[in-house]
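This report describes how the parts of the model shown below meet one another.

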Number of protein chains: 2
Amino acid sequence: MRTITIADVAKHSNVSKSTVSQYLNKRYEYMGEGTKTRIEEAIKLLGYRPNIVARSLKQKSTTTIGVIVANILHTFSTQVIRAIEDICHDYDFHTIVCNADDDPEKEKKYIEMLQAKQVDGIIIFPTGGNVELFLSLKENDFPLVFMDRYMSEVQVPSVVLDNEKASKLAVDYFVDRGYQRIGIMTTSILENLTTRIKRVGGYRQALQEQNIPINENYIKSLELHQFEDAMTNMLSLKNPPQAILAGNDLALMEILKFTKKKKISIPKDLALIGIDDVSFASFYNPGLTTVAQPAFEMGKKAAELLLNKIQKKEEDVHHHIYSFEPQLIKRESC
Amino acid sequence: MRTITIADVAKHSNVSKSTVSQYLNKRYEYMGEGTKTRIEEAIKLLGYRPNIVARSLKQKSTTTIGVIVANILHTFSTQVIRAIEDICHDYDFHTIVCNADDDPEKEKKYIEMLQAKQVDGIIIFPTGGNVELFLSLKENDFPLVFMDRYMSEVQVPSVVLDNEKASKLAVDYFVDRGYQRIGIMTTSILENLTTRIKRVGGYRQALQEQNIPINENYIKSLELHQFEDAMTNMLSLKNPPQAILAGNDLALMEILKFTKKKKISIPKDLALIGIDDVSFASFYNPGLTTVAQPAFEMGKKAAELLLNKIQKKEEDVHHHIYSFEPQLIKRESC
DNA sequence: ATGAAAGCGCTAACAA
DNA sequence: TTGTTAGCGCTTTCAT
């Protein structure tokens, strides 16, 4: 498949390469009608398609952004990705998605790869492990937006859930429904993830405000494969929790596997609320009460912040953290 | 952020650009130790990163492939995407994912965009609507692999499930469990999708082999929003189906929403099997019997076919359809 | 209203 | 063992 270039089109329409280039970039101002149609025809005739790589090299812009998610297995990540892609599509931008697996090394590798590919900016769920790298990106004014988590050491526009409120909504609802012994289970791979910290923090604070003593045995931050043992232990305490807040979708699923296996009835034996609105929440038996994140809105915001920055419309000077409201969706599990 | 080029590195290490290029491409054969370390140091010192765009322009290869899925909402699509990304990662290739929404127009647009971006090949879930385009791609020897569906008009390596067998597994299992009035519900957007045709075909054939008469009222191919009405109708027939095969994950979820809403008990009032192993199958109440597709294997195969073709290792001359085995996973819903 | 020419950052003959 | 040179396909002054 010999590549057809602008030069071929130029030859076929008896104009110079620059004129064709003008045409391609829709600068018709000073262009004769005849030239225009001749170019048009030549393009169709030859089946010419502009080479974006060459254009990118010249223009130093690829109209492509990178998205690095922490863990693609979370529903939330995929929802955010779709929102970002939607917005990018509106702006005629493209997206390269990478999954850092919550590993700072991989994160670094992907950032470098994306830069080598000359992406115009990056939206990232930061692991928190590459402070230096992010500082230098910021230093160089490289367009960057954080999603889901922020890094206090790095002042970059960050789109996050109001995680404290998310926990509070759940705890308050549990208490409303008469539950007092309330636990929380979150997943843990990395220390110092703002998301988890805030969710657990919000949980503690909500309990305090309700004048319920905090029982450290009810607070678990574990790998998924440890959930089964942990739940077995928790539920065999003399005063086992009556209700559990699942910190995210994967935690919720792990809990559901356990309750099914052990024939624990929800909410009779154990009430449940999950953060993240999982696909099956509405038709699970029993229906699952969840705290939904406005994932689409958040992805949209992140994309807009980044694209505006790329197109020099700045505006991100004042704010640094864009916090979104969680929403409690009541169903039978609580 | 002034870009640092190979020329800067060359200057700092007192060699020519080509020598630096040799170094970058690990052609150390004829390179003096001193030169090598000087270049190494200059690179580190300057924080040089090769510009992949420039390299791609020169080499006429972007080490990037495109993946166009029919509908990103299907679990199967996301599983396949992950597999493809995994394999690409091993080969140092990158991936651009597009969602054609089962719309031939969008499909065409994405193919053209990916070609403009100079991807080295495409894996696609074809809508079936762009025969001409695919023929011309094949004509031009552009690396192409079909996934999930094939087009009899276009001889391109195709990775598919043995869809007839998938239905047969389900029907036979229903019959084993004593069900005779068995329905099938699939989603429909496009006509002539090989996947749906084969699933319905396999269902019919399996019934015939079991000497069960085929009732056309039990066979529905509909948009998701029509499922509720269709089910209401079906279940109010004088002889309503006792069991339903859901043609894919979205169909299954629609059915589950309905049964929950109408308090229809599974499997007592209605037995259920779904094609596609949904995340919640194991811990749903009741556990859902499913026919799982080996999504990871299939994605892997597609990626390998494509990458081998790109790297001229051909080998795809004989086979054109790579058919994978579905697997019945038995749980309480049937 | 259109064209000539330089150059984006890199690679690959070919020379030296 | 290393350097010179000519592009890859496009955009963009600056002439004309």
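This is a predicted model: local features need pLDDT of at least 70, side-chain atom pairs count only at pLDDT 80 or more; totals for chains, interfaces and linings use all residues.

Of the atoms of DNA strand C that come within 4 Å of the protein, 67% belong to sugar and phosphate. By residue class, the surface near DNA strand C divides into 13 polar, eight nonpolar and five charged residues.

Helices of both chains take part in this surface. Helix H2 (17–24) and helix H4 (52–59) of chain A, together with helix H2 (17–24) and H4 of chain B, each supply at least two residues of the surface near DNA strand C. H4(B) provides the largest share, with four residues.

| Protein atom | Atom of DNA strand C | Distance |
|---|---|---|
| A:Thr19, polar side-chain atom | phosphate oxygen | 2.9 Å |
| A:Tyr30, polar backbone atom | sugar or linking oxygen | 3.2 Å |
| B:Tyr48, polar side-chain atom | phosphate oxygen | 2.4 Å |

The two protein chains also meet each other. In this interface, 45 residues of chain B are in contact with 45 residues of chain A. Between them, chain B and chain A bury about 3900 Å², with 60% of that area on carbon and sulfur atoms.

Charged and polar pairs cross the interface as well. Four salt bridges are found between chain B and chain A. In a salt bridge between A:Glu112 and B:Arg49, the closest N and O atoms are 3.5 Å apart. Residue pairs in polar contact between chain B and chain A, both at pLDDT 80 or more, number 18.

On chain B, the side that touches chain A receives at least two residues from each of helix H4 (52–59), helix H5 (75–90), strand S2 (94–99), helix H6 (104–116) and helix H11 (249–261). H6(B) gives the most to this side, with six residues. The residues of the side of chain B that touches chain A comprise 20 nonpolar, 15 polar and ten charged.

How are the two protein chains related? Chain B is superposed on chain A by a rotation of 180 degrees with 0.0 Å of shift along its axis, at an RMSD of 0.1 Å. This is the relation of a two-fold axis. Because 100% of the interface residues of chain B are also interface residues in chain A, the copies meet through the same surface.

Definitions and conventions: Residues are numbered from 1 along each chain as its sequence is written. Chains are lettered from A and ligands numbered from 1 in the order in which they are written. Side-chain values use heavy atoms; hydrogens and water are left out. Contact means heavy atoms within 4.5 Å. Buried area is the accessible area (1.4 Å probe) that two parts lose on being put together, summed over both. A salt bridge is a side-chain nitrogen of Lys or Arg within 4 Å of a carboxyl oxygen of Asp or Glu. A polar contact is a pair of N or O atoms within 3.5 Å; within protein, one must be able to donate a hydrogen and the other to accept it, and residues adjacent in sequence count only if both atoms are side-chain atoms. Ala, Val, Leu, Ile, Met, Phe, Trp, Tyr, Cys and Pro count as nonpolar, Asp, Glu, Lys and Arg as charged, and the others, Gly among them, as polar. Copies are superposed by least squares on the C-alpha atoms of residues with pLDDT of at least 70 in both. A residue is near a molecule or strand if one of its heavy atoms lies within 4 Å of it.
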